[in-house]
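Hi,

Here is the structure I promised to pass on. Have a look at it first, and then read my notes below.

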Amino acid sequence: MTEDSTKKTKMAAMTIAALGVVFGDIGTSPLYAFSTALQTISQGNTSEIISLASLIVWALISIVTVKYVFLVMRTDYHGEGGIFALYAIIRKAKLPRSIWTPLSLTLLIGAALLYGDGTITPAISVLSAVSGLQTIDPSLAEWVIPITVVILIGLFSVQRFGTGKLGALFGYIMLIWFICIGLMGAYQIIHAPQVLAALLPWNGVFFIIAHPHLAVIVLGAVVLAVTGAEALYADLGHFGRPAIALAWHTIALPGLMLNYLGQAAAVILNPALHTNPNLFYMLTPTGPMRISMVILATVTTVIASQALISGIFSLTSQAIDLNYFPRFAVFHTSSSTRGQIYMPAVNWILAAVCLFLVITFRSSDALAGAYGLAVTGTMICTTIGFGFVLHCTKGLKLAPVLALCGFFFVIEFGFLISCLGKLETGGYVPVILGIGMISIMTTWKLGRRLIRKEIITKGSPPDEFAKWLTKESIPRVPGTIVFVARRSDGILAVAVAKEHLRRTGALHEKVVILTLESVWASARAPLYSLNVKEFESNVSHVQATYGYMVIPDAPFLMEEANKKVDGHLLSDAENTFYVLFREVIYEGSGHAMSTWRRSLFSWLSRNVQPAQNYLAVPSGQIVEFNWMIHL
């Protein structure tokens, strides 16, 4: 097989996998989007039906194709996408504090709302599919909730296998789905070809101009057709832009457009379908074909949920890297793609909230208002962040940036205003979730910054620490003691060393400052890149960098570093001890944080993953102490 054909085969496989993981959310929107939107216009009015279809078609083209696939997805941070990728890129521009503070808060709000989207997507998608059972037999309605709960529990249970493996399985199912919904729509279009007028954008524009008050309500339903757009960007790190763009342009977009036009055609042909909440299923004849479609839709909505779940994993991982979240256990499920991860704690918290929403709201219609508000809020924040990236890091002049981003902002702001009308009927859900997530992220960031500020003032560079030891009469005992920290300059680790010395009054014969830094490659050859510096007083600084797939093994690291300096670091492995500390927050004793923030940060700190869980240090060689911190 030639190199060119090998590349094509690999791209085809990645495209199918991307189809399975990335497009499930937006791919299942026809189950509820058009039928929900129909409730906002006059029954039997062909002109309004065509205008509605036009708004949906051009929302897909303008928001998904132009904004996300063509523009925003070209903006990545080391191959990863999502709103935190924009945050990381803009942060490097070093904007003035007066600009950066509100901008960073805007991006955090977008990220927080995406968490709301991630919990609502599984609930609304699976509920809408399983509700199709009622079109087969109305008596099956009582089984909709139990079946939905079972399906969702199963979905969250298989996350540990990784998105790569799931994508390979789901991709072919999604391919069948898009082909089927496209054919369903095409059949209806043949019988009502006048619906093709919806492809003319001015049909939707003229409707908005002629009916501005009605348009506000209609847009709140139209936005449901583009609810998976943000997931495309969040999942960029899983498959890359080429595979995602190819899957969208050749498979997903044609299937969606045909189906939405087909639903409009079906209502034109049979006005009685206008009020049917299961309009999607009415495009198929009753009997075995409809049963098959309900089964396929149910399987596909499981895949739809996967798109946001994998996106939430990526989002949380990025938040941890940016120090906005405590360190959760992360399992990387692919050595070739950094973004393919599994986070058990996040997975089951997400599952619990999702199941709560299903049991509480009990229908996809009830969740529709909540869904739209979460999505449009995140879209607007992404547009703002993208504009700053174009101007501040890409060097594009302000006028074209304002024109481009202003175009998207006007559309998305219209969606947001529409969705605000549903605040009382479900829209409060993402608002509450967003407030909760913002509180956690800003509190953790502030708390870690204050702690670093307090601790680092007590530290110094390793070479200065070594010089200080030569001037002091510090008792030394046999063996080696290792102070571990993630700040590469060693100042934080030295602060820990001084605190340990203050408490014990002595140091071991050999002192090692070990700093750890994860890099964006999946691994390095060898596993670790080591730099060892030796100073006076038997003080050494070991700087280790390693790939994201590597779990830092501190004892192994020390053995490898010891070989580099001919055995100067370690007396013997068993007589080597590793000092770790855990912060204990004084609640109510400081003024840097409010009382509720101090309590929240203290709780988060107590539940963070202990360092010894990911350093592979035997319990008998750990020296741990509590460090009382005043906040």
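**What I found**

Of the 631 residues in the protein chain, 56% count as buried, where buried means under 20% relative accessible area, exposed means over 50%, and partly exposed is in between (1.4 Å probe, protein chains only). Before you go further: this is a predicted model, in which local features need pLDDT of at least 70 and side-chain atom pairs count only at pLDDT 80 or more, while totals for chains, interfaces and linings use all residues. Residues are numbered from 1 along each chain as its sequence is written, and side-chain values use heavy atoms, with hydrogens and water left out.

The chain has 23 helices and eight strands; helices (H or I, at least four residues) and strands (E, at least two) are DSSP runs, numbered from the N terminus. Take the contacts between residues at least 6 apart in sequence: 83% of them join residues at least 24 apart. A contact here means heavy atoms within 4.5 Å.

**Two helix pairs**

Start with helix 5 (residues 83-91) and helix 6 (residues 97-130), which pack at about 165° with their axes 9 Å apart. Axes are lines fitted to C-alpha atoms, for helices over the stretch in contact, and angles run from 0 to 180 degrees between N-to-C directions. That makes helix 5 roughly antiparallel to helix 6 (under 35 degrees is roughly parallel, over 145 roughly antiparallel, 65 to 115 roughly perpendicular, and the rest oblique). On the helix 5 side, the residues that meet helix 6 include Phe84, Tyr87 and Arg91, and their partners in helix 6 include Trp100, Leu103 and Gly110. By class, this contact divides into 10 nonpolar, two polar and one charged residue. For the classes, Ala, Val, Leu, Ile, Met, Phe, Trp, Tyr, Cys and Pro count as nonpolar, Asp, Glu, Lys and Arg as charged, and the others, Gly among them, as polar.

The other pair is helix 4 (residues 46-71) and helix 18 (residues 398-420), whose axes come within 12 Å and cross at roughly 135°. These two are therefore oblique to each other. Among the residues making the contact are Ala59, Ile63 and Lys67 of helix 4, with Phe407, Ile411 and Glu412 of helix 18. Nine nonpolar, one polar and two charged residues make up the contact of helix 4 with helix 18.

**Some single residues**

Ser418 also sits in helix 18, and it counts as buried because its relative accessibility is 7%. A polar atom of its side chain lies 3.0 Å from the backbone oxygen of Gly414. Leaving aside neighbours within four places in sequence, Ser418 is in contact with Ala215, Val216, Ile217, Leu219 and Gly220.

Leu246 is in helix 14 (residues 241-269) and is partly exposed, at 37% relative accessibility. Its C-alpha atom is 9.6 Å from that of Ile16, 230 residues away along the chain. Beyond its neighbours within four places in sequence, Leu246 is in contact with Met11, Thr15 and Ile251.

Lys94 is exposed, at 73% relative accessible area. Asn538, in the loop between strand 5 (528-535) and strand 6 (539-547), has a positive phi too, near 60°, and is partly exposed at 41%.

Cheers

Terms used: A polar contact is a pair of N or O atoms within 3.5 Å; within protein, one must be able to donate a hydrogen and the other to accept it, and residues adjacent in sequence count only if both atoms are side-chain atoms.
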